[in-house]
Amino acid sequence: AIVMTVFEILSLAGLMIQTELSTMLFSILGFAGAAISIYIMYCIVMGIGDIEKTYYVAMGYEKLMLLWKIASALRIATAVLMLLPTELGVIISIGLAVVGIIVHIIFLVYIGRAKKAYENIPRNPWNNVFPTDGNM
């Protein structure tokens, strides 16, 4: 969270300064932010997959992985199209960004469902922790 906060502050500063160097810096930070976001989403999905396998509970891993792939492709395509010097590239990238926002909202809905499934995993009544052998 701290790294992403610093990143957002630098991105905002890049927008305010508006020089050729700041535009290049903003582009680099945009790609870095996209890469970090994609990686964080991947780690979350893989963690949910690990919990699903360990505790034999359906948490929607397959759907989350599909949504991650779609969101990642949209994020990359948006960033690449923004580099095109034409207005068409900008218009298409804005459209892809809107679709990406919708995909992210759906992703968050599935994360909420996974959280509820996680909260409903039975715990050992003697010490209120998960069973360690995968047996319920």
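Me: What makes a stretch a helix here, and where does Ile76 lie?
Reply: Helices are DSSP runs of H or I with at least four residues, and strands are E runs of at least two, numbered from the N terminus. Ile76 lies in helix H3. The model is predicted: local features need pLDDT of at least 70, side-chain atom pairs count only at pLDDT 80 or more, and totals for chains, interfaces and linings use all residues. Residues are numbered from 1 along each chain as its sequence is written, and side-chain values use heavy atoms, leaving out hydrogens and water.

Me: Why is Ile76 called partly exposed?
Reply: Buried means under 20% relative accessible area, exposed means over 50%, and partly exposed is in between (1.4 Å probe, protein chains only). Ile76 has a relative accessible area of 48%, so Ile76 is partly exposed.

Me: What makes Ser93 buried?
Reply: Ser93 has 1% relative accessibility and therefore counts as buried. Ser93 lies in helix H4. Leaving aside residues up to four places away in sequence, Ser93 touches Thr78, Leu81 and Met82, where contact means heavy atoms within 4.5 Å.

Me: What makes a set of residues a nonpolar core, and which residues have the most contacts inside the largest one?
Reply: A nonpolar core is a set of buried Ala, Val, Leu, Ile, Met, Phe, Trp, Tyr and Cys residues joined through side-chain atoms within 4.5 Å. The largest has 20 residues, and Val45, Met59, Leu64, Trp68 and Phe107 have the most contacts inside it. Helices H2 (20-55), H3 (61-82) and H4 (87-119) each give two or more residues to this core. H3 supplies the largest share, 7 residues. Trp68 touches Ile38, Met41, Tyr42, Val45 and Phe107, not counting residues up to four places away in sequence.

Me: Why is Ile106 called partly exposed, and which patch includes this residue?
Reply: Ile106 has 37% relative accessibility, so Ile106 counts as partly exposed. Met82, Val90, Ile94, Val98, Ile102 and Ile106 form a nonpolar patch on the surface, with about 500 Å² of accessible area together. H4 gives the most to this patch, 5 residues. Like charges are joined within 9 Å, and nonpolar side chains (Val, Leu, Ile, Met, Phe, Trp, Tyr) within 5 Å. Accessible areas come from the Shrake-Rupley method with a 1.4 Å probe; for residues, only the protein chains shown count as cover.

Methods: Patch = residues over 30% accessible without salt bridge, like charges linked within 9 Å, V, L, I, M, F, W, Y side chains within 5 Å. Salt bridge = Lys/Arg side-chain N within 4 Å of Asp/Glu carboxyl O.
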